[in-house]
Amino acid sequence: MSSDSAMPDAGVQKYSLKRRLILKVGGFVAVAMMIITLAVVYVMGKELGRQAQNMLNESARSSQIQLENRITYLVEATRRLADNPFMINGLVDARARAEDLPKLIANFADGTSLNAVALLDYDGRPVFQAQQWQPDFNRSPELRAALAMGHTALYTDAATRQLFIIAPISYYATTQGALVVGFDLEAMVREHAVRNEAAYLQLSTDTGPLITFNRDMSVDYIQTRLAPSEHTPLMHQLDLTLEAGVPRSQYESVVTTTLSRFIGIGIILTLASAMVAAGIGQEIARPILELCDRVRRNPVQPCSPLGTGDELETLASTFDQRTRELQDVQAELQRQRDRFRHDASHDALTGLPNRYRFDQVLRRLVEQDAQDTRIAVTYIDLDRFKVINDSLGHPTGDRILQTVARRLQLQTGDRDQLFRHGGDEFILISELEDSGEALVTLLDRITQVLGQPVRMGEHDLDVSASIGVTLYPQDGQSVDMLVRNADIAMYRAKEQGGGRYRFFDEAMRDRVYERMEIEAGLRRAIDRGELRVHYQPQVDMNTGALIGTEALVRWQHPERGLIFPGAFIPIAEESRLIVDIGSVVLREACRQQASWYRQGFAAGRVSVNLAGPQIQDPQLVEQVAEVLDETGCRPEWLELEVTESFIMRDPASTIPTLKRLRALGISLAIDDFGTGYSSLAYLKRLPVTKLKIDQSFVRNSVLNPEDAAIIEIIIALGNKLKLDLIAEGIETEAQKALLHTAGCSQAQGFLYGRPCEPEALHDLMKAGTVARGAG
């Protein structure tokens with residue numbers, strides 16, 4: 001009973017859907033066709049009206065041009081007739097008037113609408129006329145103008161509807177009379193301008209209509225009016241306006257016929273389209289209803305095929321593919337998980353496995369715990385990549401990393417796995433089978449291929465690498481230990497200049513621990529005041545007089561005793577502790593200098609080294625001024641030494657800083673001159689007062705002619721630039737003699753005194769001179 005009650009509902013739904021589809025599809029198509037038909041009818045009506053107006057304009061323009069051409073022809077013919085010798089004879093010879101002029105005029109009148117001809121003397125009196133026609137020419141302004149000016153004149157006569165042309169008759173460039181001809185203007189217009197007998201044509205002047213053809217005042221016309229223009233100069237002279245029109249009923253009958261036919265066709269197409277659309281709607285509804293019936297009656301049986309081959313067929317198939325689609329979804333989810341897992345373990349830029357994947361692989365290899373497992377971990381760090389990345393931009397840096405990755409991949413074998421560890425760092429895991437010769441060969445190839453420049457646009461970029469290698473199990477038993485030791489070996493390669501590889505050994509780790517201890521001890525030394533400043537005398541080689549000192553830092557370690565700067569300054573520069581050390585040395589040197597002067601010693605200038613990070617500090621000038629003020633040291637007692645390589649790193653900011661320091665009255669010297677950039681272009685811009693000849697040139701100057709030549713060049717350059725010169729590292733009389741002979745008068749070195757505590761210099765300052773070998 002329940003099934004009986006359900007069937008009517010299904011029938012109602014079935015037919016209702018069918019009717020809705022038929023009505024909606026058919027109605028939509030019918031309305032659309034009607035709208036299209038009406039729109040086309042409207043557009044066609046407008047277009048036909050525009051075309052009719054254009055055709056009327058073109059016809060009127062053609063008539064105007066034809067009239068202009070005809071008038072032009074008549075004017076030219078009249079001029080030629082007036083220029084005929086018989087005309088001048090006709091003015092003076094009655095016989096010529098009687099015998100010759102009639103023939104001449106008859107020939108002239110052939111093919112024209114000539115009505116009247118008159119031959120007038122200079123006073124305007126007719127001496128000959130072809131018809132009985134007596135106009136009052138003496139009062140005609142056109143005639144008087146033609147006789148007086150010798151120009152052809154023309155005008156229209158509304159009363160007689162004639163066009164008159166007056167051509168002067170000249171004899172030896174003197175006007176003797178005039179030829180007056182009259183043409184039937186109505187015949188001329190009918191023959192040359194009228195195009196359509198059903199249309200009207202009207203010529204008018206500013207005084208009113210002149211000639212009108214075929215116009216019925218009771219008829220409504222489509223009209224056009226053409227005023228004379230520069231293209232119709234004679235009609236412009238005659239002030240003739242042409243007006244034309246066609247009966248509106250004639251145009252409307254054509255338009256009505258055309259549009260009626262199109263409307264009829266549109267109605268037929270609309271009805272046909274509606275019927276076709278209704279059929280289509282019924283056809284669309286049939287498989288839908290069939291599908292609904294199959295779903296209701298047979299929920300577990302296949303719903304396809306329906307035989308439609310379209311979306312409905314797809315819809316029917318969807319019910320049959322529930323399980324398969326769920327399986328497909330599950331498979332897709334698995335693929336996405338695999339892709340996410342891949343993305344999580346691979347570098348997006350290079351496509352290489354990333355640090356996370358490296359840890360997994362190396363840990364798995366280490367945890368295998370096989371007796372014969374031997375693994376090499378190679379840590380690759382690009383040299384100077386940060387400089388390239390900062391100067392040329394991150395896009396260039398990314399392309400370099402991609403190029404390096406490709407080069408490394410080309411060198412690896414089946415037992416090698418390459419990873420990007422992060423930044424400009426790559427790690428290679430190699431499973432070793434032999435004594436390690438293959439690994440050495442691989443490292444040589446990698447070093448060579450990474451040493452080749454990378455071409456980026458117009459730049460050849462040097463991207464060599466520092467490489468550290470550790471071996472499992474001898475160099476470490478864990479992933480962290482192997483990576484840390486490889487990193488230590490890599491930094492050892494970088495310390496030695498980069499572009500090479502180094503295998504890890506225990507001595508490297510000891511050096512690292514020692515560096516770490518030194519760095520931590522330096523931090524404590526600054527806080528605890530363990531830094532000491534020693535002073536080395538600077539003398540005038542000509543007189544032996546003390547001219548100043550150089551402040552040199554020492555570390556008074558509580559356990560290791562006095563440590564010289566070579567043991568801790570490089571570490572301080574890497575950790576930026578050099579800035580704090582430089583501040584301590586500057587303050588102590590200024591304090592001691594002020595103390596010496598207060599005690600009455602002529603201490604000269606104290607020379608203090610500025611580190612690179614200090615020069616790049618935008619607050620340096622203010623800090624130096626503050627130290628001078630707090631210690632009581634005068635600016636002229638202080639000399640700051642700057643290494644030229646630090647200046648050239650950023651001359652745009654460094655040079656203004658040096659100029660501000662010089663403006664305080666502080667002397668500036670370039671330390672280790674000749675060992676860095678030695679840019680002469682910048683040297684002349686630097687506000688320095690002294691060049692310091694590096695001890696590397698002085699040390700071998702006596703035995704090495706090249707070093708002696710460099711010293712001579714530096715001295716000559718300093719003299720030309722009017723700079724003071726001082727040589728450091730003088731230890732022998734021979735070195736002193738060579739420098740003195742070359743023109744250097746200031747010296748510093750063990751020959752004159754070793755760096756010492758300030759109290760040890762009191763005797764030298766009292767004496768005012770330094771004995772060779774003092775200290």
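Figure 1. Isoleucine 267 has its place in helix H7. The model shown here and in the other views is predicted. A nonpolar patch on the surface is formed by Met34, Leu38, Ile263, Ile267 and Leu271. Together these residues have about 440 Å² of accessible area. At least two residues of the patch come from each of helix H1 (2-82) and helix H7 (248-297). The most is given by H7, with 3 residues.

**Figure 2. Aromatic pair of tyrosine 171 and tyrosine 172.** Searching the whole structure gives 9 aromatic pairs. In the pair of tyrosine 171 and tyrosine 172, the ring centres are 4.5 Å apart and the planes stand at 85 degrees, so the pair is edge-to-face. The cut-off for this class is an angle over 60 degrees. Tyrosine 171 counts as partly exposed, at 43% relative accessibility. Tyrosine 172, at 70%, counts as exposed, because the exposed class begins over 50%.

**Figure 3. Aromatic pair of phenylalanine 358 and phenylalanine 419.** The ring centres of phenylalanine 358 and phenylalanine 419 lie 5.5 Å apart, with the planes at 70 degrees, so this pair is edge-to-face. Phenylalanine 358 belongs to helix H10 (residues 355-367) and phenylalanine 419 to strand E11 (residues 416-422), so the pair ties together parts that are 61 residues apart in sequence. Both phenylalanine 358 and phenylalanine 419 are buried.

**Figure 4. Arginine side chains over phenylalanine rings.** Two sites are shown. At one site, the ring of phenylalanine 340 has the charged end of arginine 339 over it, 5.9 Å from the ring centre. At the other, the charged end of arginine 754 sits over the ring of phenylalanine 750, at 3.9 Å from the centre of that ring.

**Figure 5. Salt bridge of arginine 95 and glutamate 99 in helix H3.** The count of salt bridges comes to 26. One of them joins the side chains of arginine 95 and glutamate 99, at 3.3 Å from N to O. Arginine 95 and glutamate 99 are 4 residues apart in helix H3 (residues 94-109), which means that about one helical turn separates them. Arginine 95 has a relative accessible area of 58% and is exposed. Glutamate 99, at 43% relative accessibility, counts as partly exposed.

**Figure 6. Salt bridge of arginine 225 and glutamate 243 between strands E8 and E9.** The side chains of arginine 225 and glutamate 243 form a salt bridge of 2.9 Å, N to O. Distant parts of the chain are linked by this pair, with arginine 225 in strand E8 (residues 221-226) and glutamate 243 in strand E9 (residues 241-247), 18 residues apart. Glutamate 243 has a relative accessible area of 11% and is therefore buried, the cut-off for buried being under 20%.

Figure 7. Glutamate 728 and lysine 692 meet through their side chains in a salt bridge of 3.7 Å, N to O. The pair links distant parts of the chain, 36 residues apart: glutamate 728 is in strand E24 (residues 724-728) and lysine 692 in strand E23 (residues 690-693). Glutamate 728 counts as buried at 11% relative accessibility. Lysine 692 is buried too, with a relative accessible area of 1%. A network of salt bridges links Glu550, Glu641, Lys692 and Glu728.

Figure 8. Helix H17 (residues 577-598) contains 22 residues. From its first C-alpha to its last, H17 reaches 32 Å, close to the 32 Å expected at 1.5 Å a residue. Valine 585 is part of helix H17. With a relative accessible area of 7%, valine 585 is buried. The C-alpha atoms of valine 585 and valine 608 are 7.5 Å apart in space, while the two residues are 23 residues apart in sequence. Just after H17, glycine 600 has a positive phi of about 90 degrees.

Definitions and conventions: Residues numbered from 1 in each chain as written. Predicted model: local features only at pLDDT ≥ 70, side-chain atom pairs only at ≥ 80, totals over all residues. Heavy atoms only, no water. Phe/Tyr/Trp six-rings, centres within 6.5 Å; stacked < 30°, edge-to-face > 60°. Buried < 20%, exposed > 50% of the residue type's maximum accessible area, 1.4 Å probe, protein only. Lys NZ or Arg CZ within 6 Å of the ring centre and 35° of its normal. Patch = residues over 30% accessible without salt bridge, like charges linked within 9 Å, V, L, I, M, F, W, Y side chains within 5 Å. Areas by Shrake-Rupley, 256 points an atom, 1.4 Å probe, with all protein chains shown as cover. Salt bridge = Lys/Arg side-chain N within 4 Å of Asp/Glu carboxyl O. Expected span 1.5 Å × (residues − 1).
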